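Here is a short briefing to read alongside your structure. Keep the viewer open and follow the topics in turn.

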Amino acid sequence: MTRSPIHLDTDIRSFGGIASAAELLDLGYTRDALRLWGDGRRSRRLRRGWYAPRDLPEEVVAAWDAGGVLACVSALALADPGAASRALDELHICVPRTASRIPRTVPLRGRAVRVVAHWSTADHESGTRRGVDAATAVRQARRCARRATADASAECRSALAGAEPQERREQRAVTSGPGACPSATTPPRAPRPACAAACRASRGCR
Ligand SMILES: [Zn+2]
């Protein structure tokens, strides 16, 4: 029996807010009805063959646009908007290990945000079609924070290595040059712009 499209919004919500065409066809919708009503006032098409209510959060839609589900700091930020500032500039998604390539950026709230992908089939299956579960999001966020700190530390080491010859020159000038203070052993450390920027980015490098 053909199902009336007036139930479409309710039926999509009964699948957790995102339903496949196959699931809706099983309920009695026709392909024509999905084509006509799938992009209507109360419902929208996500990827090909997937439907959601119009009020699905934009972050979830963007994660689907990128080929995954919402994850990590982005999932935590959706639950608590003040919790994770990094989510403002990045969209963290989770994709199965078998997923194909993902885009570098996706549009979100009128601008392109960088996509950070967590490749894990188990994590991808941990929650709902909207995103990973809370425990998985917390674990991913901790791992991401450690990785950001490690990346920033590597940048610091690189900056220090690049600055070393100059520093040694300064030290020689202070400790052995004309007019050098005989008690000087180490010159005062000048700020290192590249390192400072990396540290600010990670907020964890010392
Ligand atoms: Zn992450």
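Over residues 167-206 the pLDDT stays under 50, and for this stretch the model has 37 contacts beyond four places in sequence. This is a predicted model, and the mean pLDDT of the protein chain is 78, with 69% of its residues at 70 or more. The secondary structure comes to 8 helices and 7 strands.

**The chain as a whole**

- Buried residues account for 27% of the 206 residues in the protein chain.
- If you take the contacts between residues at least 6 apart in sequence, 61% of them join residues at least 24 apart.

**The nonpolar cores**

- In soluble globular proteins, nonpolar side chains tend to be buried together.
- Here the largest nonpolar core has 25 residues, and those with the most contacts inside it are Ala63, Leu70, Ala71, Ala75, Leu91 and Ile93.
- Two or more residues of this core come from each of helix H4 (58-65), strand E4 (69-70), helix H5 (72-79), strand E5 (90-95), strand E6 (105-108), strand E7 (111-119) and helix H7 (134-176).
- The element that gives the most to this core is H5, with 6 residues.
- A second, separate core has 9 residues, including Ile12, Ala19, Leu24 and Ala52.

**Helix H4 and what it packs against**

- The buried residues of H4 are Glu59, Val60, Ala62, Ala63 and Trp64.
- These buried residues pack against E4, H5, E5 and E6.
- Which residues does Ala63 contact, leaving aside its neighbours within four places in sequence? They are Gly68, Val69, Leu70, Leu91 and Ile93.
- Just after H4, Gly67 takes a positive phi of about 100°.

**Helix H5**

- H5 is largely enclosed by the rest of the structure, because 7 of its 8 residues are buried.
- Those buried residues are Cys72, Val73, Ser74, Ala75, Leu76, Ala77 and Leu78.
- Cys72, in helix H5, has 31 C-beta neighbours inside 10 Å and so counts as buried.
- Most residues other than glycine have a negative phi, and most peptide bonds are trans.
- Cys72 is worth a look on this point: its phi is near 55°, a positive value in a residue other than glycine.

- E6 and E7 run antiparallel and are joined by 4 bridges.
- Within this pairing, Leu108 has Arg111 in E7 as its bridge partner.
- In a regular strand the side chains alternate between the two faces of the sheet.
- On E6, Val106 and Leu108 make up the covered face, while Thr105 and Pro107 make up the uncovered one.
- The two strands form a hairpin with 2 residues between them.
- Arg109 sits in the loop between E6 and E7, and this residue has a positive phi of about 50° although it is not a glycine.
- Is Arg109 buried or exposed? Arg109 is exposed, with 9 other C-beta atoms within 10 Å.

**Asp123 in helix H6**

- Asp123 lies in helix H6, which spans residues 121-124.
- This aspartate counts as buried because it has 23 C-beta neighbours inside 10 Å, where the cut-off for buried is 20 or more.
- Not counting residues up to four places away in sequence, Asp123 touches Ala71, Cys94, His118, Val132, Thr136 and Gln140.
- The C-alpha atom of Asp123 is separated by 10.0 Å from that of Arg97, and the two residues are 26 apart along the chain.

**The three-stranded sheet**

- Strands of a sheet pair through backbone hydrogen bonds, either parallel or antiparallel.
- An open sheet of 3 strands has the order E1-E3-E2, and its pairing is antiparallel.
- Strand E1 (19-20) and strand E2 (43-45) stand at the edges with a single partner strand each, so one side of each is left without a neighbour in the sheet.
- E1 is joined by 2 bridges to strand E3 (residues 50-53), and the two run antiparallel.
- In E3, Tyr51 is the bridge partner of Ala19.
- Ala19 is also among the residues of the second, separate core.

Definitions and conventions
Residues are numbered from 1 along each chain as its sequence is written. This is a predicted model: local features need pLDDT of at least 70, side-chain atom pairs count only at pLDDT 80 or more; totals for chains, interfaces and linings use all residues. A residue is buried if 20 or more other C-beta atoms lie within 10 Å of its own, exposed if 12 or fewer, and partly exposed in between; C-beta atoms are placed from the backbone. Two residues are in contact if their C-beta atoms, placed from the backbone, lie within 7 Å. A nonpolar core is a set of buried Ala, Val, Leu, Ile, Met, Phe, Trp, Tyr and Cys residues joined through C-beta atoms within 7 Å. Two strands pair if DSSP finds at least two bridges between them. pLDDT is the predictor's confidence in each residue, from 0 to 100.
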